[in-house]
Amino acid sequence: QVQLVESGGGSVQAGGSLRLSCAASGYTYTSYSMGWFRQAPGKEREGVAAINTDDSRTYYADSVKGRFTISRDGAKKKLYLQMNSLKPEDTAMYYCAAASSSVSGGTWFWRYRYNVWGQGTQVTVSS
């Protein structure tokens, strides 16, 4: 059974930093592309960042470029999202997701490419 469990969310003031973690189990972790999505109240779930199966490419939403960094540790089966210079508009529930095939620059942000999802971790940024 494939499982993803996020952690690391919390409340922080604008300009602060958080690091989200996603622990994976139940499958060959490195054969999956991984992504972070977020959903604010009343809004659609949107792609934040993704990393493809061989870690050769990373992708970011324009709104987080230069502030967020996605990475993973294959040995530990963990995915990370380092979030710096946080803004109130970054407030959302953040979800870790896995896709059983490679993603590209044109597909990494499609929710439907990802077939495994975590339960989410809340990030709240106050001004």
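**Figure 1. Whole chain: surface and fold of the predicted model.** The protein chain has an accessible surface of about 6,200 Å², and 47% of that belongs to carbon and sulfur atoms. Areas come from the Shrake-Rupley method with a 1.4 Å probe; for residues, only the protein chains shown count as cover. This is a predicted model: local features need pLDDT of at least 70, side-chain atom pairs count only at pLDDT 80 or more, and totals for chains, interfaces and linings use all residues. Residues are numbered from 1 along each chain as its sequence is written, and side-chain values use heavy atoms, with hydrogens and water left out.

The chain has 0 helices and 11 strands. Both are DSSP runs numbered from the N terminus: helices are H or I with at least four residues, strands are E with at least two. In sequence order the pattern reads β-β-β-β-β-β-β-β-β-β-β. The radius of gyration is 13 Å, close to the 14 Å of the globule rule for 127 residues, so the chain is as compact as a globular protein of that length. That radius is taken over C-alpha atoms, and the rule is 2.2 Å times the number of residues to the power 0.38. The C-alpha trace spans about 40 × 25 × 25 Å along its principal axes. Of the 127 residues, 45% are buried. Buried means under 20% relative accessible area, exposed over 50%, and partly exposed in between (1.4 Å probe, protein chains only). Among contacts with a separation of 6 or more, 60% join residues 24 or more positions apart. A contact means heavy atoms within 4.5 Å.

**Figure 2. The largest nonpolar core.** This core has 37 residues. A nonpolar core is a set of buried Ala, Val, Leu, Ile, Met, Phe, Trp, Tyr and Cys residues joined through side-chain atoms within 4.5 Å. Trp36, Leu81, Met83 and Tyr94 have the most contacts inside it. Two or more residues come from each of β3 (18-25), β4, β5 (46-51), β6 (58-60), β7 (68-73), β8 (78-83), β9 (92-99) and β11 (121-126). Strand β9 gives the largest share, 6 residues.

Figure 3. Gly35 is found in β4 (residues 33-39). Its relative accessible area is 0%, so Gly35 is buried. Beyond its neighbours within four places in sequence, Gly35 touches Ala49, Ala50, Ile70, Leu79, Tyr95, Cys96, Ala97 and Tyr114. The C-alpha atoms of Gly35 and Trp108 are 7.6 Å apart, across 73 residues of chain. Met34 is also placed in β4. Met34 is buried too, at 0% relative accessible area. From Met34 to Asn84, 50 residues along the chain, the C-alpha separation is 20 Å.

**Figure 4. Aromatic pairs.** The count is 6 aromatic pairs. Rings of Phe, Tyr and Trp (its six-membered ring) pair if their centres lie within 6.5 Å; planes under 30 degrees apart count as stacked, over 60 as edge-to-face and the rest as tilted. Phe37 and Tyr114 pair edge-to-face, at 5.0 Å centre to centre and 75 degrees between the planes. Phe37 lies in strand β4 and Tyr114 in the loop between β9 and β10 (116-117), so the pair ties together parts 77 residues apart in sequence. Both Phe37 and Tyr114 are buried.

Tyr59 and Trp108 have ring centres 6.4 Å apart and planes at 10 degrees, so this pair is stacked. Tyr59 lies in strand β6 and Trp108 in the loop between β9 and β10, so parts 49 residues apart in sequence are tied together. Tyr59 is buried at 9% relative accessibility. Trp108 is buried at 6%. Ring pairs link Tyr59, Trp108, Phe109 and Trp110 into a cluster.

**Figure 5. Arg45 over two rings.** Arg45 lies over the face of Tyr95, at 3.7 Å from the ring centre. Arg45 also lies over the face of Trp117, at 4.9 Å from the ring centre. A charge sits over a ring if NZ of Lys or CZ of Arg is within 6 Å of the ring centre and within 35 degrees of the ring normal.

Figure 6. Ser85 lies in the loop between β8 and β9. Ser85 is not a glycine, yet its phi is positive, about 50 degrees. Most residues other than glycine have a negative phi. Ser85 is partly exposed, at 41% relative accessibility. Gly74 sits in the loop between β7 and β8. Gly74 is partly exposed, with a relative accessible area of 32%. Gly74 and Ser31 are 43 residues apart in sequence and 9.9 Å apart C-alpha to C-alpha.
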